[in-house]
Amino acid sequence: SCIQWAIWGRHKKRFNISMIRDKYLMFGARVPISLNSKRIFRKDFGLNRRYLTIYKLSESNFEKYIDCINNYRYDFIAGYPSSILLLANYILQNNITLLNYPKVVITGSDALFPETKKSIAKAFRAEVTDQYGMAEGCGNFSQCELGRYHLDFEMGFPEFIDMSENPNSNIKHLVFTSLSNIAMPLIRYDTGDLVIPTNEKCNCGRKSIVVERIVGREEDYILTPEGNKIQGLNQVFEYANNIDMIQVYQENIDSIEVRYVKGLKFENQDLDRLKYELNKRIQNSMKINFIDVQNIPLTKSGKYKAVVSKINL
């Protein structure tokens with residue numbers, strides 16, 4: 001909708017980016033390029049960008065992406081943080097100096113973890129900012145210059161609902177009533193997302209409702225032998241120092257696998273705090289197996305899933 005595009009434009013303006021003037025590289029999942037093709041991008045003249053496919057981000061193709069960045073004058077990068085991170089890690093691991101650096105990197109759709117943000121910022125020598133939205137078009141939050149998520153009030157009105165299994169938690173269900181979707185107004189629409197709202201005023205000076213953190217999806221939980229649903233694991237992942245990507249995988253009721261991709265400065269003791277934070281939540285009732293992996297597969301939609309459970313409820 002026009003309102004959605006205006007909100008995206010306002011977010012970019014906070015970081016001196018213009019959607020009309022500036023060119024950009026978009027890492028996305030909707031590029032119609034055959035996997036058998038050697039191409040990695042398509043030109044989008046209407047939106048002033050090159051749209052790079054995320055499905056070919058691999059060791060054998062990283063140099064193509066670097067060439068694309070070096071041979072194209074652009075002002076900012078946008079896309080899924082999990083995909084941009086793959087290229088950022090390649091740049092850092094190989095000490096690559098780019099010919100062109102963006103003014104800012106704008107992420108969305110995936111959860112933006114602190115370590116992910118640090119790696120992307122270091123590789124592209126740019127500020128990293130994030131925004132939260134949904135295809136249903138009933139609500140939006142955009143980060144300010146201080147990294148806090150502010151409500152874009154034109155899109156919809158939010159409600160923060162207690163979790164029935166833990167009403168005292170600072171994590172809340174996010175429900176939106178649409179104010180802008182004239183095709184299908186959504187009333188008290190359960191987004192399926194979890195957030196941490198706050199009543200604190202932001203030092204950026206904006207007066208809108210603030211969300212401290214986008215925690216994850218409602219279905220992103222593990223189940224303990226006692227029948228407890230442990231949600232909000234994104235908070236645990238913030239203690240994953242020197243780890244680029246992480247995923248909790250549950251196939252059995254009495255154990256979980258923590259799959260992780262090492263960062264450049266990873267040391268074995270970096271797992272100690274992670275294990276401590278997990279044990280605080282599951283109360284030592286489950287076995288935790290840490291698995292060192294080379295990568296974590298994305299979903300069919302190109303997104304990164306932080307928690308995968310195979311337990312049938």
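Modeller: Arg73 and Asp75 form a salt bridge, with their closest N and O atoms 3.4 Å apart. Bear in mind that this is a predicted model.

Colleague: What makes the contact of Arg73 with Asp75 a salt bridge?

Modeller: The limit is a Lys or Arg side-chain nitrogen within 4 Å of an Asp or Glu carboxyl oxygen. The N and O atoms of Arg73 and Asp75 are 3.4 Å apart, so the pair qualifies under the 4 Å limit.

Colleague: Why is Asp75 called buried, and why is Arg73 called partly exposed?

Modeller: Buried means under 20% relative accessible area, exposed over 50%, and partly exposed in between. Asp75 has 9%, and therefore counts as buried. Arg73 has 47%, so the label is partly exposed.

Colleague: How many salt bridges does the structure hold?

Modeller: There are 12. One of them joins Asp22 to Lys103, with the closest N and O atoms 4.0 Å apart.

Colleague: What does the pair of Asp22 and Lys103 tie together?

Modeller: Asp22 sits in the loop between helix H1 (2-13) and strand S1 (24-28), and Lys103 in the loop between helix H3 (81-93) and strand S5 (104-108), so the bridge links parts 81 residues apart in sequence.

Colleague: Is Asp22 buried or exposed, and how do you know where Lys103 falls?

Modeller: Asp22 has a relative accessible area of 2%, so Asp22 is buried. Lys103, at 40%, is partly exposed, because that class runs between 20% and 50%.

Colleague: Which salt bridge involves Glu159?

Modeller: Glu159 meets Arg188 at 2.9 Å, N to O. Glu159 belongs to strand S9 (residues 156-162) and Arg188 to the loop between strand S10 (172-178) and strand S11 (189-198), so this pair ties together parts 29 residues apart in sequence.

Colleague: Which residues of H1 are buried, and what puts them on the same side?

Modeller: Gln4, Ile7, His11 and Lys12 are buried. They cover an arc of only 140° around the axis, so they share one side of H1. In general, an α-helix has 3.6 residues a turn, so residues three or four places apart point the same way.

Colleague: What lies on the other side of H1, and what do the buried residues pack against?

Modeller: Cys2, Ala6 and Lys13 are exposed on the other side. The buried residues of H1 pack against strand S4 (76-79), S5, strand S6 (127-132) and strand S7 (141-143).

Notes. Residues are numbered from 1 along each chain as its sequence is written. This is a predicted model: local features need pLDDT of at least 70, side-chain atom pairs count only at pLDDT 80 or more; totals for chains, interfaces and linings use all residues. Side-chain values use heavy atoms; hydrogens and water are left out. Helices (H or I, at least four residues) and strands (E, at least two) are DSSP runs, numbered from the N terminus. Buried means under 20% relative accessible area, exposed over 50%, partly exposed in between (1.4 Å probe, protein chains only). The arc is that of the directions from the helix axis to the C-beta atoms. Contact means heavy atoms within 4.5 Å.
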